[in-house]
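Where do charged side chains pair up in this model, and how open are they to the surroundings? The paragraphs below take these points in turn.

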Amino acid sequence: MVMDKLRTMVAEQLGVSEDEVKPEARLKEDLKADSASVMMLVMDVETEFGIEVADDAIEKVKTVADMAAYIEEKM
């Protein structure tokens with residue numbers, strides 16, 4: 001469930017197709033996210049899932065799967 005919702009959110013925020021948003025896809029390298037789009041995505045994640053994303057966690061999240069695991073851990 002988290003992964004499905006996250007795929008949609010990432011695709012919308014980054015302007016890519018959901019087919020490109022695979023668990024192993026790297027946000028910056030593969031999906032071309034810049035710092036601003038990552039911050040917007042983090043804010044969307046916080047609102048959608050009712051969690052707070054720590055600043056140091058943003059640095060550690062590299063892939064879509066990393067982000068999904070972080071969200072599941074915080075829920």
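What follows goes through the salt bridges, then turns to one further residue and its place along the chain.

The model is predicted. How many salt bridges does it hold? The count is two.

One of them joins the side chains of R26 and D30, with a nitrogen-to-oxygen distance of 3.0 Å. This pair qualifies because a salt bridge requires a side-chain nitrogen of Lys or Arg within 4 Å of a carboxyl oxygen of Asp or Glu. R26 has a relative accessibility of 38% and therefore counts as partly exposed. D30, at 35%, is also classed as partly exposed.

Another salt bridge links the side chains of K60 and D56, where nitrogen and oxygen are 3.8 Å apart. Both K60 and D56 belong to helix α3, which covers residues 55-60. They sit four residues apart, about one turn of the helix. Is K60 buried or exposed? The relative accessible area of K60 is 59%, so K60 is exposed, since the cut-off for that class is over 50%. D56 has a relative accessible area of 46% and is therefore partly exposed.

E72 and A36 are 36 residues apart along the chain.

Technical notes
Residues numbered from 1 in each chain as written. Predicted model: local features only at pLDDT ≥ 70, side-chain atom pairs only at ≥ 80, totals over all residues. Heavy atoms only, no water. Buried < 20%, exposed > 50% of the residue type's maximum accessible area, 1.4 Å probe, protein only. Helix = DSSP H or I, 4+ residues; strand = E, 2+ residues; numbered from the N terminus.
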